[in-house]
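Q: I have this one open for the first time. Can you walk me through it?
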Amino acid sequence: MANRIVLFCFIIFIVPAAIVFAQNYGKKEILIDGGKKGNITFPHQTHQNSINDCMVCHVSFPQEEGALTKFKKTGMLKKKQVMNKTCLKCHRNSKKAGKAYGPVKCSGCHIK
Ligand code: HEC
Ligand code: HEC
Ligand code: HEC
């Protein structure tokens, strides 16, 4: 009986915890190449905390360092595609909805 309880606890608590901790969240802050407009200091962790769904962004590029640059080079992403369709889209919609929102002006993200 005691063995079963141990096994039960293992399955219910330890296994899910191991899965959660095994996830690679990446850097808290990421420097994104912004071309001639200047780079972007992107607060990754702040977004992860408020969005709660990695795929909102990672649906169009993998969870890898340099993925945006790599995908633009190979044509998997167009230039400014993620900027317009992911970043700005959400910031603008949130602004319209009267919620907390991120930068909507160029200089709010691109810093030279
Ligand atoms: C608001 C958009 C957004 C959300 C939400 C998001 N990410 Fe990211 N993530 C990015 C961007 C942008 C990069 C940088 C890609 C690059 O370097 O070209 C990135 C890179 C990464 C990387 C690789 C870089 C590194 O630091 O190791 C990992 C790992 C990662 N994300 C994991 C996650 C996980 C796990 C979640 C969900 C808990 C998540 N991300 C949610 C935008 C996001
Ligand atoms: C919410 C943040 C944000 C704002 C605001 C923003 N950008 Fe960007 N921009 C990005 C990100 C992230 C990238 C890299 C990913 C991409 O190209 O989609 C980028 C990339 C770029 C690039 C480089 C494209 C390339 O591959 O050569 C240019 C040029 C650019 N932005 C111009 C602008 C201009 C002009 C404005 C204002 C009208 C602007 N951006 C506003 C986030 C932003
Ligand atoms: C689904 C919504 C959503 C997406 C997608 C999103 N953001 Fe944001 N972003 C926010 C919100 C909400 C805030 C405001 C957070 C706050 O101030 O509490 C924010 C804030 C920011 C800030 C300002 C942080 C600060 O310290 O003032 C930057 C820079 C930023 N976002 C860049 C980006 C970039 C670059 C992308 C695309 C890779 C992106 N965001 C994608 C919702 C989003």
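A: Start with ligand 1: its iron atom is coordinated by NE2 of His 44 and NE2 of His 58, at 2.0 to 2.1 Å. Donors here are N, O and S atoms within 2.8 Å of the metal (3.2 Å for Na, K and Ca), and water is not among the atoms, so sites may look incomplete.

Q: Where do His 44 and His 58 sit in the chain?
A: His 44 is in helix H2 and His 58 in helix H3 (residues 55-58), 14 residues apart, so the pair links distant parts of the chain. Helices (H or I, at least four residues) and strands (E, at least two) are DSSP runs numbered from the N terminus.

Q: Is this an experimental structure or a predicted one, and how is it numbered?
A: This is a predicted model: local features need pLDDT of at least 70, side-chain atom pairs count only at pLDDT 80 or more, and totals for chains, interfaces and linings use all residues. Residues are numbered from 1 along each chain as its sequence is written, chains are lettered from A and ligands numbered from 1 in the order written, and side-chain values use heavy atoms, with hydrogens and water left out.

Q: Back to His 44 and His 58: buried or exposed?
A: Both are buried, meaning under 20% relative accessible area; exposed is over 50% and partly exposed in between (1.4 Å probe, protein chains only).

Q: What geometry does the iron atom of ligand 1 have?
A: Octahedral, with angles of 86 to 178° among its six donor atoms. Six donors count as octahedral if opposite donors are over 155 degrees apart and all others between 65 and 115.

Q: And which residues coordinate the iron atom of ligand 2?
A: Met 83 (SD) and His 110 (NE2), at 2.0 to 2.1 Å. Met 83 lies in helix H5 and His 110 in strand S3, so the pair ties together parts that are 27 residues apart in sequence.

Q: Met 83: buried, exposed or partly exposed?
A: Met 83 counts as partly exposed because its relative accessibility is 29%. His 110 is buried, at 15%.

Q: New topic. What order do the strands of the sheet have?
A: The sheet is open, with three strands in the order S1-S2-S3 and antiparallel pairing. Two strands pair if DSSP finds at least two bridges between them. S1 (29-32) and S3 (110-111) stand at the edges with a single partner strand each, so one side of each has no neighbour in the sheet.

Q: What stands opposite His 110?
A: Ile 40 does.

Notes. Four donors count as tetrahedral if all angles lie between 85 and 135 degrees; four count as square planar and six as octahedral if opposite donors are over 155 degrees apart and all others between 65 and 115; anything else is irregular.
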